[in-house]
Amino acid sequence: MKKLLFFLLALGAMQAKAQAIKGSITLKDSTLSRSIPVEVAAGTKSIKFTVKVYLAVGEVAVSLTDPNGKKAAGGFSLNTHTKGGGNEPSKGELSADETPKVPGTWKFNIRAKDATGTFNYQIEVVQP
Amino acid sequence: MRRHNLLLGLLLLIPVYGNGQQARLSGKISLDTGWARKFYVSRLPGFDQMFTASRALIIAEGDLDSAGNFSVDFSAGKDESLYRLHFIRKGDPASTLIIGSRDVNHVFFIAKDGDQIHFNKKQDLPIRQSDIGGSRANSELNTLLKLTDDDTTGNNTFISVADRSTSQLAGLLAISHTAGLTDEQNEKVRRVLSRYDQHYAYGANIFREYSNSNEWKLYLTGGILLFFALLLYGYRFYRQRSILKTWRELSQREMDIVGLILSGKSNKEVALALSIELSTVKTHVNNIYAKLGVSNRKDLDRYQELIKSNVANR
């Protein structure tokens, strides 16, 4: 039984090797533009990215672009504007699984303007 | 009596205009205890705001009843607009967007004045785009959004959806998903767009893009034509200068002989006209041919216009 379990674990590890990039940003009236490079080899199974943003004030936009600069599906943006000109918190959560058609350096882009809040992300490149 | 009827008619009209242009959204949802019993409707002014969470976009909100039923009237124009219905978990801000997980919290829909939109989420399943309906535009939107989730959907499929869509908004959204079109695909999109209302706000960027690509082609064609016109003018100018330079190398006697040849005289007639020997005319003619770089009278004809005008100028 132990042998079978070991075999299954070893098989699982061989089948899906994931390279993970994790990060957390605390925004305090921050204005920033950051691109996190994600190296994608030919034959990569998928890029999984999970993003959680809580925004008390300001604007945040998240996007994923392929090596040609084309936006992949799954980006989002948040702002705290109200119709009356005030601010109300916003929240965004994203769990996306992109099958990369183009190998090369993909970019996970984060833009913030006068933003206060928290930003957590995790990107996994899953090899076959 | 007539005045009373008029007053009554006006009074009957008040509720119609008083309500303005509205649509109605109603539905039912079963949510577990982790979710707030609230719903929100956002109006999305452009396709690039489909995944924007902002309090400023929310135009209507309400409470779910104990059975999960809800209903709201919201302002809707005579043209179709894009909306988003969303729910939130307890403790989350009103403008919360959850994308891509089992907790996905929203669906998109199209509505215009007088539409009745229906939402019905199946129990124990996540919220799905197909949960919303109530008009042909929304069926088209649901089909399109399913295609956009599929990485293998290509330009031709999006163009075909745009071509078949009765909803201009769904058609424009389909076109907005195309990229790197071939000339043939561009032409198809242009044909589809020619049927659309060019003042429709959702298509502003698309109409501008395709009108720019037309202008770009027009400028390119104009530029190429201008280039060739200048090239032709330059060539003719160079040729004329070169011929005139050669012409000036001829002696007065040779110029006279060319003039007579161009007037149609034979060598013998030229000899008679100038009272010189035929052999002398032949020698002059050979020299003229050599200087002008021609080999017979027919070639000389090619320069007739230029030489004639030059003879006149002299």
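**Reading the interface and the folds**

Modeller: Arg89(B) and Glu93(A) form a salt bridge, with their closest N and O atoms 2.4 Å apart. A salt bridge here is a side-chain nitrogen of Lys or Arg within 4 Å of a carboxyl oxygen of Asp or Glu. This is a predicted model, in which local features need pLDDT of at least 70 and side-chain atom pairs count only at pLDDT 80 or more, while totals for chains, interfaces and linings use all residues; side-chain values use heavy atoms, with hydrogens and water left out. Residues are numbered from 1 along each chain as its sequence is written, and chains are lettered from A and ligands numbered from 1 in the order in which they are written.

Biologist: How many salt bridges does the rule find across the interface of chain A and chain B?

Modeller: The rule finds three.

Biologist: How is the size of an interface given?

Modeller: It is often given as the accessible area lost when the parts come together. Buried area is that loss for two parts, summed over both (1.4 Å probe). Chain A and chain B bury about 1,600 Å² between them, and carbon and sulfur atoms carry 42% of it. On the side of chain A, Lys83(A), Lys91(A) and Glu93(A) lose the most area to chain B, together 33% of what that side buries. In terms of contact (heavy atoms within 4.5 Å), 21 residues of chain A meet 20 residues of chain B.

Biologist: Which elements does chain A have?

Modeller: Helices (H or I, at least four residues) and strands (E, at least two) are DSSP runs, numbered from the N terminus. Chain A has one helix and five strands, in the order α-β-β-β-β-β from the N terminus on.

Biologist: How do the strands of a sheet pair?

Modeller: They pair through backbone hydrogen bonds, either parallel or antiparallel. Two strands count as paired if DSSP finds at least two bridges between them. In chain B, four strands form an open sheet of mixed pairing, in the order 5-1-9-10. Strand 5 (69-75) and strand 10 (132-133) of chain B each have a single partner strand, so one side of each is left without a neighbour in the sheet. Strand 1 (residues 22-28) of chain B runs antiparallel to strand 5 of chain B, and seven bridges join them. Within this pair, Gln22(B) stands opposite Ser75(B).

Biologist: Is Phe228(B) buried, partly exposed or exposed, and why?

Modeller: Buried means under 20% relative accessible area, exposed over 50%, and partly exposed in between (1.4 Å probe, protein chains only). Phe228(B) counts as partly exposed because its relative accessibility is 48%. Phe228(B) lies in helix 6 (residues 204-247) of chain B.
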